[in-house]
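I opened a new notebook page for this structure. My plan was to look up a few things and write down each answer.

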Amino acid sequence: MDTKAVTRAAKHQEDVEAAQVRERARLAALRLEQEAAAAAAGGSGTGTTTTTAPAPGAAAAGGAGGGSSSSSSGGGGGGGGAGASGVPELERDELGAHFIAAEVAEVRAKLPREGQRERLRSATPDSVQVVISASRVRCVLLKAFFPAGYPATPLALELEALAAPPPGSSSGSSGSVRLSPVLVAKLQAALEAEARKHAGGRQVLHAVHWLSDCLHANRLAAAYDEIQVLRSAAAAAAADPAASTSSSTTGSNSSNSSSTTSSSNNSNSSSSPSSASGLGCSLELKAVKEKSGVVEVVLRAGAYFLDLRCVLPEAYPDAGVELHTAATNLPADLLTSSLAGAADLVRRLAEPPPALVRVEVARAGAGTGGGSGSSSAASSASATPQRRRGGGGGQQTLHSEAKAAALAAAAQEGAAAREAARAAAAAAHEPRPSLWPAVCYMGSRCVGLLCEGRCVACGKWLLPRDPAQLEQVPAGMRLLRLVTCGHFFHHKCIEGLLAEPPFGRDGCPVSGCGERISHHRLVTEPQVLEARWAGRQARRREIEDAASILGL
């Protein structure tokens, strides 16, 4: 027989069984109403001894009290009503038990114990528990309880957000990042409404498949709290644009200071979206696309703006958010460097610390200048002690051999300690949400800072107030972003600071920073800068001496 025909026949059989169950439930409810009416009528005649005909409900029930005479008391009539109500109740319970048993058997047959989307945890005549997982964070436990009167009465449902262990951790551990309780409550309310639509039929598999499709189709479920913070920031900016602009200006003027360095160095400082403070500019939530996992925001400060497109991958937050520029009027080179800084922040939130690069510090021949021995420190330490002083040919002496062995041992101990610390940090690392930290970084460290910040060296605005004047900025007043700390300076300002003592040895001149100055357009080696300064001083003294001789 054709497979499709078999499927259609099975589907038809299920529909027929569900229709029969609904009809039985309707008839049982009708009988209960008739029995209630009969009981009410019998109760109204309590205490009278007449030879009246029995109540319609009692007669319809089959005369459970038929063994008594027609001139029975009201108490006998009441006994007949109790017997009439007992038979439908037993019949209804038996029908419900058979229906639940059949549905539990179907759940066990169709839901695997080990699955990617749905995984059956338990199935009993009292309840069914199913784990539904779309990712490590988009994971819930569905508990379905069979109430009295099922299937006419909808299922009693309960949702619980699960915290799966982070990648690379032991299976017994659990993560702290899970779905928002607010989102779980909304999903439970929607699921209960969906179950009410299927009252009278089988409801468990409908609830499981509906919830599974909902979680798999919504990539943004793992970022629910962050999106709510974005909505709050956008609502605050729309309600009071003047206050948002003034607060962003105040924050950005001071953001080219130690506060930005601390936020850059500590990636966890902005990983918790508790509030919309620290954004540094106004925000507009342009689009939220759940199926594609796209959140598009527009950051504004003064006359400058950045249309930022944030793409959340399927495995978010185990995989960091991806940032793309849709439109902007900021300088391209500065925007590229800021996006690189945001990508590094996202990497530190999503990924564990990378493995250390091993560097051989000690080598054979250290201290002799010969270097004719082997290239590894281990071979140097295991060399025979027959090499004596004065052996010639750059051969190691006993003293230099011991020194090289000590250096190699110290280097190995230091590398082992650093690797142990890195391994411990990697084992304790749990991927954190990165959508809000990335948007906050681009707002405070790029848009707000560039548009409202000032150069620490000269005190002038970093960018002209009018974006149309960007092409007229002289080459010396163009901005450079330091690689290590991300602070901005005018090109000639930072060159002037490096050209004078202490030649950049104190690090970034921003208060509280002190990070090493690094940029591919700058000469930052103190020896080279000091030599150039000495040459300039010598020429200046020669000119002064010549002027004094000539009387100029």
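**Entry 1: a helix pair**

Is E106 buried or exposed? I looked up the relative accessible area of E106 and got 12%, so E106 is buried. The cut-offs I used: buried means under 20% relative accessible area, exposed means over 50%, and partly exposed lies in between, with a 1.4 Å probe and protein chains only.

Before going on, I noted that this is a predicted model, where local features need pLDDT of at least 70, side-chain atom pairs count only at pLDDT 80 or more, and totals for chains, interfaces and linings use all residues. Residues are numbered from 1 along each chain as its sequence is written, and side-chain values use heavy atoms, with hydrogens and water left out.

Next I looked for the partner of E106. Its side chain meets that of K110 in a salt bridge, at 3.1 Å from N to O. A salt bridge here is a side-chain nitrogen of Lys or Arg within 4 Å of a carboxyl oxygen of Asp or Glu. K110 is partly exposed, with a relative accessible area of 49%.

Why do they sit about one helical turn apart? K110 and E106 are four residues apart in helix α3 (residues 74–110), so about one helical turn separates them. Helices are DSSP runs of H or I with at least four residues, strands are runs of E with at least two, and both are numbered from the N terminus. An α-helix has 3.6 residues a turn, so residues three or four places apart point the same way.

I also found that R202 joins E106 and K110 in a network of salt bridges.

How many salt bridges does the whole structure hold? My search found 18.

I picked R117 and E118, whose side chains meet at 3.7 Å, N to O. R117 is partly exposed at 33% relative accessibility. E118 is buried at 12%.

Then I took R136 and E430, with their closest N and O atoms 3.7 Å apart in a salt bridge. R136 lies in the loop between β2 (127–133) and β3 (139–145), and E430 in the loop between α11 (398–428) and α12, so this pair ties together parts that are 294 residues apart in sequence. Both R136 and E430 are buried.

**Entry 2: the sheet**

What is the strand order in the open sheet of four strands? I read it as β5-β6-β7-β8, with antiparallel pairing. Two strands pair if DSSP finds at least two bridges between them. At the edges are β5 (282–289) and β8 (322–328), each pairing on one side only. From one strand to the next, the twist averages 20°.

β5 and β6 (residues 294–301) pair over seven bridges in the antiparallel sense. In that pairing I found E284 opposite V298 of β6.

Helix α6 (residues 224–239) packs on the sheet and touches β5 and β6, and its direction makes about 135° with that of β5. Helix α9 (residues 332–350) lies across β7 (304–311) and β8, running at about 155° to β8. Axes are lines fitted to C-alpha atoms, for helices over the stretch in contact, and angles run from 0 to 180 degrees between N-to-C directions. Contact means heavy atoms within 4.5 Å.

**Entry 3: the core**

Which residues touch the most other members of the largest nonpolar core? L435 and M442 do, in a core of 97 residues. Helix α12 (residues 435–452) gives the most to this core, with twelve residues. A nonpolar core is a set of buried Ala, Val, Leu, Ile, Met, Phe, Trp, Tyr and Cys residues joined through side-chain atoms within 4.5 Å.

I listed what M442 touches, leaving out residues up to four places away in sequence: among them are L299, L306, L323 and V447.

**Entry 4: two cis bonds**

Where are the cis peptide bonds I noted? One joins Y316 and P317, with omega about 5°. P317 is in the loop between β7 and β8. Another joins P501 and P502, with omega about 10°. P502 is in the loop between α13 and α14.
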